[in-house]
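Visitor: Pick one part of this model and take me through it slowly, please. I'd like the cut-offs as you go.

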Amino acid sequence: MYDLMIYSLKVGVCLAVFYLFFKLLLSRETFHRFNRIVVLGAMFLSFVLTLCVITVYREIPVLPETPDEESAATVFDALPLHRSLANFRDGAAFLLGAAATLLWTLCSLIGVLRLIRGGRRERLEDGAVLVRTERPVTPFSWGRYIVMSERDLAENGGAILLHERAHLRLRHSLDLIVTDVAGCLQWFNPAMWLLRRELRAIHEYEADEAVLDSGVDARSYQMLLRGVL
């Protein structure tokens with residue numbers, strides 16, 4: 001348990017360093033595909049690099065034991081039990097936070113699944129499934145499903161479908177699954193949630209770019225984003 005906590009703290013430090021690097025140098029760039037790779041790569045490297053251990057061996061001369069050192073050793077013999085209790089307490093708090101974050105994530109996923117099952121489903125020509133609902137929900141996509149309200153579909157269905165299809169084509173849902181799992185392990189780390197927010201913003205930029213490349217008028221699409229998305 002103690003080793004897991006130390007590992008998680010090291011991962012947290014790496015994530016914080018990577019986030020500062022991204023925010024200062026890359027967040028304002030418009031190379032969205034590259035930024036997406038950088039953010040995902042930063043998360044992956046943070047969890048992998050901390051597993052690498054570099055061991056350096058050197059000889060240390062053995063000093064003769066003195067009476068004072070013997071008495072000091074007797075005093076410190078009681079410390080391991082205290083440390084074990086403290087490590088158990090900290091480890092339990094870490095696991096409790098991870099479990100709570102996982103439960104919150106699962107509840108959100110269940111809400112999405114219930115919304116998909118409760119709507120009218122229509123398979124599109126590219127294999128995506130359009131879920132139409134009477135509820136006033138913000139359009140979103142997950143897996144192969146695109147969820148839209150009947151009102152949005154009637155008013156701005158074409159542009160919104162292009163946007164959400166871009167999310168599906170670029171497999172943004174997989175990115176979110178990875179960040180959700182990482183978030184359960186790094187629930188205490190603000191850098192993890194900030195990187196997740198940056199990744200979601202990159203997803204939106206990529207989808208918007210795909211819509212504009214398809215020939216949609218930029219001004220009218222901008223007005224649509226303000227009113228719907």
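Guide: Let's start with a helix pair: helix 2 and helix 6 make a left-handed crossing, a label used if the near helix is turned anticlockwise from the far one by less than a right angle (clockwise would be right-handed). Keep in mind that this is a predicted model, where local features need pLDDT of at least 70 and side-chain atom pairs count only at pLDDT 80 or more, while totals for chains, interfaces and linings use all residues. Residues are numbered from 1 along each chain as its sequence is written, and side-chain values use heavy atoms, with hydrogens and water left out. Helices (H or I, at least four residues) and strands (E, at least two) are DSSP runs, numbered from the N terminus.

The pair packs at an angle of about 35°, and the axes are 12 Å apart. Axes here are lines fitted to C-alpha atoms, for helices over the stretch in contact, and angles run from 0 to 180 degrees between N-to-C directions. From helix 2 come Arg36, Leu40, Met43 and Phe47, which meet His172, Asp175, Thr179, Ala182 and Leu185 of helix 6; contact means heavy atoms within 4.5 Å. By class, this contact has five nonpolar, two polar and two charged residues. Ala, Val, Leu, Ile, Met, Phe, Trp, Tyr, Cys and Pro count as nonpolar, Asp, Glu, Lys and Arg as charged, and the others, Gly among them, as polar.

Both helices also turn up at pockets. A pocket, on a 1 Å grid over the protein atoms alone, is an open set of points where a 1.4 Å probe fits, with protein on both sides within 12 Å along at least five of seven lines; lining residues have an atom within 4 Å of a point. Grid points are joined across faces, edges and corners, and a volume is the space filled by probe spheres set on the points.

Helix 6 (172-185) is one of the elements that supply at least two residues each to the lining of the largest pocket, along with helix 4 (79-118), strand 3 (140-142), helix 5 (150-169) and helix 7 (190-213). That pocket has a volume of about 800 Å³. Its lining runs to 30 residues, with Ser141, Trp142, Leu176, Arg196 and Arg200 nearest the centre.

Helix 7 gives the most, with four. The volume there is about 170 Å³, and the lining includes Phe22, Arg28, His32, Asn35, Glu198 and Tyr205. Its classes come out as four nonpolar, four polar and four charged.
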